[in-house]
Amino acid sequence: MSDALVGPVEIVGAGLIGTSIALACRRAGLEVLLTDPSDDHLRTASGLGAGRASAPGDKPQLVVVAVPPDHLAQEIRRALAGDAVVTDVGSVKAAPLAALAGLPGIARYVGGHPMAGSERSGPLAASAALFDGRPWAVTPHPESDAAAVDLVEGLVALCGAVPVRLTPDEHDKAVARTSHVPHLMASLAAGALAGAPADHLALSGQGVRDVTRVAAGDPALYGQIVAGNAVAVGALLAGVRDRLDTVIEALAAGDRAGVERVLGEGVRGTRSIPGKHGGAPRPTGAVFVAVPDHPGELARLFADAGESGVNIEDVRIDHDPGRPVGLVELIVDEDRAEHLLDSLESRGWVTHR
C-alpha cells in the first residue's frame, strides 16, 4: 500500500465538504471520481470542475465518505468492499467505527473530520480553499494500517489543512466540548426568543445575535450529529446542568457572589480558546466606528484603518434597526486601540471605545 497520494480519489457525497475536497484534489492535479444519489449535485459539482461521475471499473486509491452521520457506517462499509483506503469527514467517530467492528478490510479505514464549514450548503457553496489553515482531525483506530494513516494525512496536507491526530473517543469528547454542546446552548438561548413579544425583541442587539448564530443550522442534521455523540454530549450537559442549578439557587438566595463565580468561570473559559494561528490569546481592544449605510463606506473604513498601520484582528458589524448607520467593531491589539481611534477620528470617522 503506497503512502503517496496520486489518485484517483473518489468522493462519496458531493455536498459542501465533499465538493470542496474534490476541488482541492483537482487543484493538485489528481483525478477525482464523484458519487452522489442526487443527479443535480453530481452535475453541479462536475460543472464546477470537481471531477467526473464515478463509473463501474474505476479503481480509486482513496475513498472519502462525505455523507450525513446516519449513513456514514453504511457508506464506509460499501467503500471497504474494494481495495482503496477509506476515510470520512463525519463529525462523530466512535459510533461509526463500532458499527464496522470485525469488518474485513477495516485496517484500510482511517477516520477524519475537517473543522471547516459554511452557513451555506451544497456544491455551489464549495471552495478549494475551504480547509486552508484549518484543523483536520485524523482518528486512526488500533487496527489502522500505518500506510493508510499516512495516505489520509497526505489528503489533509493537499487540502491545506493542519492534521490533528486523536483517538476516535478523544475526538468525540473534544467536539462535544467545542462544537456540539455550544450548539445546543445556542439553540436553548434562541428558543427563548421564539414567540417573544415584539417589544422585547426590539431590544435585540449584537450580543444575542452572537450567542444564537449557530442555532440557525439544520435541526435534522445537527440532531443526527448530537445523537451520534450522545455519551460525550450527555456527560458535558450534566456539568452544565449543575452550573445552571448553582445559578438558579444563587439568584433565589440573593447570592451575588455565587453568580459572579459562575460568570468568572465563563471568562476563564473564553481566555482558554486558542488565539490567532493557534497561539496564546492576546489582550485586545475594540474600536467602534459609525459607518453610513452606503456603498463603498466599508472599503473606505478599511483603507483608512490600513493607513493607520494598525492590524485588524477581527471585525463585527451591528445593524440596529433604530440607527441609520451600521456600527462596526474593529478588534485590534490592546496597545494599538488608542492609536487607531485617533487616526480614524482625524479622517472624519465618528468613533468610540
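Contact here means heavy atoms within 4.5 Å of each other. Keep that in mind for Glu-329, which sits in strand β11, residues 325–333. Setting aside its neighbours within four places in sequence, Glu-329 is in contact with Ala-286, Val-287, Phe-288, Asp-314, Val-315 and Arg-316. Is this residue buried or exposed? Glu-329 is buried, because its relative accessible area is 16% and the cut-off for buried is under 20%. Bear in mind throughout that you're looking at a predicted model.

Let's zoom out before going further. The protein's secondary structure comes to 13 helices and twelve strands. Its C-alpha atoms fill a box of roughly 65 × 55 × 40 Å along the principal axes. Of the 353 residues, 39% are buried. If you take the contacts between residues at least 6 apart in sequence, 67% of them join residues at least 24 apart.

Back to the strand we started from. β11 belongs to an open sheet of four strands, ordered β10-β11-β9-β12, with antiparallel pairing. At the edges stand β10 (314–318) and β12 (350–352), each pairing on one side only. On average, neighbouring strands of this sheet are turned by 25° against each other, ignoring direction. β10 and β11 pair in the antiparallel sense over five bridges, and the bridge partner of Val-315 in β11 is Leu-330. Val-315 also turns up among the contacts of Glu-329.

Helix α12, residues 297–307, lies across β9 (284–292), β10 and β11, and runs at about 140° to β9. Helix α13, residues 337–346, packs on the sheet too, touching β9, β11 and β12, with its direction making about 20° with that of β9.

What order do its strands take? This open sheet has five strands in the order β3-β2-β1-β4-β5, and the pairing is parallel. β3 (52–53) and β5 (85–88) are the edge strands; each has a single partner strand, so one side of each is left without a neighbour in the sheet. Helix α2, residues 39–47, packs on the sheet and touches β2 (32–35) and β3, its direction making about 160° with that of β2. Helix α3, residues 72–80, lies across β1, β4 and β5, and runs at about 165° to β5.

β1 pairs with β2 in the parallel sense over four bridges, and the bridge partner of Val-9 in β2 is Val-32. With β4 (residues 62–65), β1 (residues 9–12) likewise pairs in the parallel sense over four bridges. Glu-10 stands opposite Val-63 in β4.

The C-alpha atoms of Asp-150 and Ala-4 are separated by 7.9 Å, although the two are 146 residues apart along the chain. Asp-150 counts as partly exposed because its relative accessible area is 34%.

Last stop: a pair of helices. Two packed helices are described by the angle between their axes and the distance between the axes. For α10 (residues 230–253) and α11 (residues 256–272), the axes come within 8 Å and cross at roughly 150°. Angles over 145 degrees count as roughly antiparallel, and α10 and α11 are therefore roughly antiparallel to each other. The residues that meet are Arg-243, Thr-246, Val-247, Ala-250 and Leu-251 in α10, and Gly-258, Val-259, Val-262 and Glu-265 in α11. By class, this contact has five nonpolar, two polar and two charged residues.

Which residues of α10 are buried? They are Ala-232, Val-233 and Ala-250. The buried residues of α10 pack against α6 (168–191), α9 (219–228) and α11. After α10 comes Gly-254, with a positive phi near 70°.

Technical notes:
Residues numbered from 1 in each chain as written. Predicted model: local features only at pLDDT ≥ 70, side-chain atom pairs only at ≥ 80, totals over all residues. Heavy atoms only, no water. Axes fitted to C-alpha atoms, helices over the stretch in contact; angles between N-to-C directions. Helix = DSSP H or I, 4+ residues; strand = E, 2+ residues; numbered from the N terminus. Parallel < 35°, antiparallel > 145°, perpendicular 65-115°, else oblique. Nonpolar A, V, L, I, M, F, W, Y, C, P; charged D, E, K, R; others polar. Buried < 20%, exposed > 50% of the residue type's maximum accessible area, 1.4 Å probe, protein only. Pairing = 2+ DSSP bridges.
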